[in-house]
Amino acid sequence: MKTKENIMNKKIDKTCTQEAGLDNHNGGEVEEEPPGRRAICGEAEEELPGKTITGRQRYFGQTADADWNDWKWQFRHRITTIESLSEFIPLSEKQRKDLELVTGCYPLSITPYYLSLIDLHDPEDPLWKQAIPSILELTMGQVGEEDPLSEERDSVVPGLVHRYPDRVLMVLTDICPMLCRHCTRKREWHNGGWVRSGEEIRAMLDYIRRHVAVRDVIISGGDPLSLSTQYLEFVLAELRQIEHVEIIRIGTRFPVVLPQRIDDELCRMLSKYSPIWLNTHFNNHREVTPESATACDRLLRSGIPVNNQSVLLRGVNDSGWKQTKLCHALLRIKVRPYYLFQCDEVQGTEHLRVPVEKGIEIIRGMRGYTSGLAVPTFVIDLPGGGGKVPVQPDYTLTQAGDELFITNYQGHLFRCHNPKDGLIDDPAFTADFAAGTLTANTGEVRNADRVGV
Ligand code: SF4
């Protein structure tokens, strides 16, 4: 991958930036992207038509299309060592040492495709922050827990978590094409890549067979699409034999970090085991590319609805502007913004976590200013296995008798009548209605508060 073109480009890159500071961290409070640096170094989408140089051309110009579009080639050529990373990012001695320390604890893995999307001049780039290790993973590493959601405690057989009455979570592998720096299951990264054996999967299936309340099976990560299509089909076919399993959900980041995986063979296979829902994990609008759009479109055409679960991350998507841009980009590729997660209290992620109040403010800033379809539900997955809880802005100010006082998205106060439970059967209500006195109690004032379109 070290081509003449790469080397030349890197020389050019060096002239317009300082060496990238891996531990550079400014708190991510900026609302709009600062234009200055990009004006100097340029960014693909801001360059003039005809002059655009994509990350792929810049760093993988010698790679044939057949290889680039082959997910197995992408998987084999993941950047997993400091040596290979240094072919793309010039590293100082200190940065190299920091990286050695961090990757000794939390390894590194980036697909060529995702690397080609990162602004490799800019440690503040939202994609950089998700992919490239930071020394802050260690220096702030005493905060948080290895398994804050107590998944291991709630495992009923190895790899199967049963927390809610009607759902189970199957974790089939710890292998992911990219190791996201904010991952909840970072603890698994030490274990060097495992796949559940046929025997272990049969034990999970036995448990599900014996628990008829389980109607929803979530297969998640490590990333289950890291498995071969045949192996995944074995699991899906077995699950489909269980009558009480109504839906199967797959949690995967492949559409974002290696969209080439979503090929016709995979989609044909998945379409046989409908209904399957797929939840993916876009965190920033720049991840929505023609390749990821094609991947999502293939899934949708195969009858697989695609929802997005993003994680609120410092410097990645921690403003109303960034979230709106992300959610609009998702809707354009027909992916529904489903959840925005508060980043879990995982050791090695504190530098990326954002105060909960900020998440609530982001949702408040979106609601009303864009379609409800574009507004995800902001949730906290409670530590200790408490489960997911929505955390929303509160618009109800107070209640007085049968009236609610509610502010709208602009902060204007409205009064709403709150119907009584069982009112229709109330003899007094019926008598009022018959006497024609009921309408006198409903308000002209109230109606004056409302507008119709
Ligand atoms: S794809 Fe998911 S499970 Fe894998 S590293 Fe990223 S966040 Fe973690």
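User: How many nonpolar, polar and charged residues are in the shell around the ligand?
Analyst: By class, five are nonpolar, two polar and three charged. Nonpolar means Ala, Val, Leu, Ile, Met, Phe, Trp, Tyr, Cys or Pro; charged means Asp, Glu, Lys or Arg; the others count as polar, Gly among them. This is a predicted model, where local features need pLDDT of at least 70 and side-chain atom pairs count only at pLDDT 80 or more, while totals for chains, interfaces and linings use all residues. Residue numbers start from 1 along each chain as its sequence is written.

User: Which residues surround the ligand?
Analyst: The shell holds Cys 176, Met 178, Leu 179, Cys 180, Cys 183, Arg 185, Gly 221, Gly 222, Asp 223 and Arg 253. The criterion is a C-beta atom, placed from the backbone, within 6 Å of the molecule.

User: What makes strand 6 mostly covered?
Analyst: Strand 6 spans residues 276-280, and four of its five residues are buried. Buried means that 20 or more other C-beta atoms, placed from the backbone, lie within 10 Å of the residue's own; 12 or fewer is exposed, and in between is partly exposed. Strands are DSSP runs of E, at least two residues; helices are runs of H or I, at least four; both are numbered from the N terminus.

User: Which strands pair with strand 6 in the parallel sense?
Analyst: Pairing requires at least two bridges found by DSSP. Strand 5 (residues 247-251) is joined to strand 6 by four bridges.

User: Why are strand 1 and strand 10 at the edges?
Analyst: The 10 strands form an open sheet in the order 1-2-3-4-5-6-7-8-9-10, with mixed pairing. Strand 1 (155-157) and strand 10 (387-390) each have a single partner strand, so one side of each is left without a neighbour in the sheet.

User: Why do the buried residues of helix 17 line one face?
Analyst: In helix 17 (residues 356-366), Gly 359, Ile 362 and Met 366 are buried. Seen down the axis, the buried residues fall within an arc of 60°, so they line one face of helix 17. The arc is that of the directions from the helix axis to the C-beta atoms.

User: What covers the buried residues of helix 17?
Analyst: The cover includes strand 7 (306-312), helix 16 (320-332), strand 8 (336-342) and strand 9 (377-382). Contact means C-beta atoms, placed from the backbone, within 7 Å.

Technical notes
Two residues are in contact if their C-beta atoms, placed from the backbone, lie within 7 Å.
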